[in-house]
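Open the model in your viewer and colour it by chain. This tour moves from one selection to the next.

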Protein chains: 2
Amino acid sequence: MSIITIERKVLEKNDEIAELNRARFREHRLFVFNLLSSPGAGKTTLLERTIEALRGDLRIGVIEGDVQTDVDAQRVARYGVPAVQIVTNGGCHLEARLVRDALGSLDPGALDLLVIENVGNLVCPANYDLGEAAKVVVLSTAEGDDKPLKYPAMFRRASVLVVNKIDLLPYVNAKVETIEQHARQINPALTIFQTSCTTGEGIPPWCDWLRRQVAAARA
Amino acid sequence: MSIITIERKVLEKNDEIAELNRARFREHRLFVFNLLSSPGAGKTTLLERTIEALRGDLRIGVIEGDVQTDVDAQRVARYGVPAVQIVTNGGCHLEARLVRDALGSLDPGALDLLVIENVGNLVCPANYDLGEAAKVVVLSTAEGDDKPLKYPAMFRRASVLVVNKIDLLPYVNAKVETIEQHARQINPALTIFQTSCTTGEGIPPWCDWLRRQVAAARA
């Protein structure tokens, strides 16, 4: 019982800091999204394709969250964008205070788009608001089409679903129509994109959506 | 600080109950393994192929852990084995007390092999001993070959790694040799199997290993 109370306090405190982060992002007219998925669904590769497509037009920054290693921040930094690594040392999700601290190593006023790549985990990160404008959940077709039903909190709280690795559809036991149907059953308002970071299919509509969000945040 | 103390207390209490579960399993000479992976790596399908191969020789029981739904217990029960579903209602891992409670709906004395399929999560379940004799972690080739380095706790605490979906190797950006090399870098003692639940490749050696563990628990 006392544990539940403390968990609630942790979440309340997190939400307070998230609102401060959100106010700061608004002040800088910066569009920020929280990128979420299971391990290996392709978050970092989607981010690489996205930076390639948008870096000519938009000033992009990245906060990378990982349990261990700074491999992902290194991958992203290769594209010449500012990238800050948060290592959670075993922690299963990012929290608003970690993002607030990471902002000390970025200049939000010099960015148009900030991506926060969360720890690979389809459960815990759903509960922690970081101050983002949108949660974007990535699901690989190789994970099967039942995942929205089995991990509903993440899909309920997301604004966008990116169904990734559609190049694997001929080889896996999942239909993209069933994934979308299950996802909309949990959250009818979801905006859904289908992408392959291997072939590049579906990257342009996803990047167009991002451009529109950045323009709206600036207006 | 008080939160860290409470987390430690939660883990200590969990470990106490896990030891009671373990003593109970030993008393019944029952081999129990904890089946772990990211969402969609193929735990339930591996379990289905395993039950098909072993149900003629061994009396198998299953405890299914899920955040929501009893889809997995239904899938397994179709094979005519006793299956108990634990729904964690958003909880990101199984705990020893949930397994203890689930044992009330099973007859451990009437089983040779008990499989506990954990929540799909490569982070949190690594910390919670359930009383099992072995942790078996499943990694899909579609998740990429860097996962053992990025989620080391799970691979450090596992005895067995099943590299699953090897039929996808021609289509994904991962090499099974690199997965194994990274996994052994974290845990040199790992026993590693390569499987495809689609083609059936690699299922016999994995099932032979299980037969040997069951025989050893009985001796």
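**Where chain B meets chain A**

Begin between the chains: chain B and chain A share four salt bridges (a side-chain nitrogen of Lys or Arg within 4 Å of a carboxyl oxygen of Asp or Glu). This is a predicted model, where local features need pLDDT of at least 70, side-chain atom pairs count only at pLDDT 80 or more, and totals for chains, interfaces and linings use all residues. Residues are numbered from 1 along each chain as its sequence is written, chains are lettered from A and ligands numbered from 1 in the order in which they are written, and side-chain values use heavy atoms, with hydrogens and water left out.

Select B:Asp72 and A:Lys150. Their side chains form a salt bridge, 2.6 Å from N to O.

Next, select the helices of chain B. Helices here are DSSP runs of H or I, at least four residues, numbered from the N terminus. H1(B) gives the most, four residues.

Now show the whole contact (heavy atoms within 4.5 Å). It takes 35 residues from chain B and 35 residues from chain A. Buried area is the accessible area (1.4 Å probe) lost on putting two parts together, summed over both. Here it is about 2,500 Å², with 65% from carbon and sulfur atoms.

Finish with both chains. The copies meet through the same surface, because 100% of the interface residues of chain B are also interface residues in chain A.

Notes. Helix = DSSP H or I, 4+ residues; strand = E, 2+ residues; numbered from the N terminus.
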